[in-house]
Amino acid sequence: MRTVKHFAQLALSLAATALLGGFLTAVLVRVSPGFGVDEHALDPARDAAALRAIQAARPEQGDFLAYSVRHTAAMFRGDFGISRNWNRPVAGLLRERWPVTAQLMAAGLLGGWALALVFALPGLVYPARIWNALAGGLSGLLLCVPSAALALLLFVCAGPVRAVVALAVFPRVFEYLRNVLTHAAAQPHVMAARARGIGPARIILRHIVPVAAPQVLALAGVSVSMAFGAAVAVEVVCDFPGIGQLAWKAALARDLPLLVTLTMLVTMATQMANAVAGTLASRRSEAGA
Amino acid sequence: MRVSGRQQSEGRSQKSEVRSRQSASLLSSGSCLLSSFSLRRLALIFLALLFLAALFSERFAGASYAHQFRDFPGAHISWRFPLGTDALGRDRLARLLSATRISLLLAPAAAVFSTALATLIGGLAGYRGGLPDRIVTRGIDLMLSLPWIFLLIAVRALLPLNVSPAASVAVTFALLGALGWAASARVIRAGVRDMRDSDFLLQARACGCHGYRLLLRQLAPNLKPVLLAQFWTSIPLFILSEANLGLLGLGVSDPLPSWGNLLRELETDLTFNPGIVACLVLMLAVLGCFRVLLPPKSAPLD
């Protein structure tokens, strides 16, 4: 019963945040300069009836509140509207492009986390100063490079551009992961385990990871948002046909239906990742207690 | 007492081991001193010198950032042009220093704005609790659930794009300040909530201290370390964000230089050009200095 209530609250909170995000984006697009300007309407050859027809073809220019309600209701039915910029259904555009972004993000998340673990874990068992300095230096260096610049550099050097997401996720995850694991490794029970001569792998898996798991899971949720941010820069710079590039073009073209849908979907996706990670983390800490 | 050769050699090796340990500990303590004190001082000196050079960029570089040397478009590194010129014949050093001036002046200004906004929003939510707190928390959740770069691109693209270069600088950094409050507000809200029921505030209330006096005389001074930490962390974030926006063509517009639009030259010049890479190196150095100057981080659980 408690679980059902928890998930109901979570779903409600997710929907409310996504709706709020979508509505605010719609308001922002609506008041932005240049919104509603149709190049066809500027053609002096068109008569009044044609201009009225052009106006009628853009429902978002009429009663804005009514349009928002209609659009939201249609979204629940799976109809995301027609993109003004691409002159195609938004759902089709999303269906076409999401695999590119999903692949980029999945590879980036896996690579970033693998790098962070490779650099963070050995330092716990064998506190080698050089290794820690190397890891800290690399993560510090990568934190100081904008992801778009990194993508451009790798693109110019014909390097692995897809690695940018991993290189952007790694330093942000590593800094936090190292702090959490170091804190867990300094707990008295870990010291006692070391004193009893238990092997390093067993200490990490049995004694450090369970203590750090709730926070690491929460970090995993946040890292989805980091990966999407880096993917946007990579897709725009390297002209990858993904969701990030679509969002950039929609924003530049003030494409209301597309931008509202994208904002709501991105908000939902990141919130869901955070919620799943949060639920797992709370389960884990309850089990630990 | 006679000492055998083996004992002598063992004694010598023990002494040498002790000496090496002593020298290692001296070295490590020296490096610690260097890392904790001198490194911060070095970072401060570097930033101060760079700021001075950027402030007097025209005198230092000998040309304005917009001046075109029409006879030298795309010139390589030389005594006259230490970083070469771009495709329009503008001195890269002058442009780099002007871009540095913009970043070093306006990123802290945006950080002040964002921290002030975060203090207002987070402080109000933490102090009042109840419905205002719930509304603010929902707003913070919404802001933080959108990836930062996506939020920046979406909002920046919806603002006027065909504005004057000076207005584009103002819009870019004002936007960073206006959107970058959420993470700081969450930290400040937590700090205020912790302090709201603390002993010293209870005592102050019992002594008749209420309202603005309580906020300004009791709460604000105790929040100062949190606010300063948020301010310092925001500066490198805003510098990086401006560079990202500039690279995506939504930042400061030409002819005004910024680190973002200087890095865009990488798109056109596909060969390795030290003049273009210098911008990236300087940016790394400045952000590295800010990392050194940041308040030392504690473990997240502390």
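Me: What makes the interface between chain A and chain B, and how many residues take part?
Reply: Two residues are in contact if their C-beta atoms, placed from the backbone, lie within 7 Å. By that test, 43 residues of chain A are in contact with 33 residues of chain B. On the side of chain A, the elements giving two or more residues include α1 (2-31), α7 (163-185) and α9 (200-238). That side has 25 nonpolar, 17 polar and 1 charged residues. Here Ala, Val, Leu, Ile, Met, Phe, Trp, Tyr, Cys and Pro count as nonpolar, Asp, Glu, Lys and Arg as charged, and the others, Gly among them, as polar. Please keep in mind that this is a predicted model, in which local features need pLDDT of at least 70 and side-chain atom pairs count only at pLDDT 80 or more, while totals for chains, interfaces and linings use all residues. Residues are numbered from 1 along each chain as its sequence is written, and chains are lettered from A and ligands numbered from 1 in the order in which they are written.

Me: What confidence does the predictor give the complex?
Reply: The complex gets an ipTM of 0.77 and a pTM of 0.80. For single residues there is pLDDT, the predictor's confidence from 0 to 100. Chain B averages 80, and 84% of the residues score at least 70.

Me: Where in chain B is confidence lowest, and where highest?
Reply: Helix α1 (residues 5-55) of chain B is lowest, at a mean of 64, and helix α3 (residues 92-128) of chain B is highest, at 90. Over residues 16-30 of chain B, pLDDT stays under 50, and the model has 0 contacts beyond four places in sequence for them. Where pLDDT is low, the predicted coordinates should not be read in detail.

Me: Which helices and strands does chain B have?
Reply: Chain B has 12 helices and 0 strands. Both are DSSP runs numbered from the N terminus: helices are H or I with at least four residues, strands E with at least two.

Me: Why is Tyr176(A) called buried?
Reply: A residue is buried if 20 or more other C-beta atoms lie within 10 Å of its own, exposed if 12 or fewer, and partly exposed in between, with C-beta atoms placed from the backbone. Tyr176(A) has 21 such neighbours, so it counts as buried. You will find Tyr176(A) in helix α7 of chain A.

Me: And what makes Leu151(B) buried?
Reply: Leu151(B) has 23 C-beta neighbours inside 10 Å, so it counts as buried too. Leu151(B) is found in helix α5 (residues 148-158) of chain B. Beyond its neighbours within four places in sequence, Leu151(B) is in contact with Leu146(B) and Leu179(B).

Me: Why is helix α8 of chain B said to lie largely in the open?
Reply: Of its 8 residues (199-206), the number buried is 0, so α8 of chain B lies largely in the open. Gly208(B), which follows α8(B), has a positive phi, near 95°.

Me: What makes a nonpolar core, and how many residues has the largest?
Reply: A nonpolar core is a set of buried Ala, Val, Leu, Ile, Met, Phe, Trp, Tyr and Cys residues joined through C-beta atoms within 7 Å. The largest has 118 residues, and Val165(A), Val234(A), Ala247(A) and Ile153(B) have the most contacts inside it. Helix α9(A) gives the most to this core, with 16 residues. Apart from it lies another core, of 13 residues, among them Ile121(B) and Val192(B).
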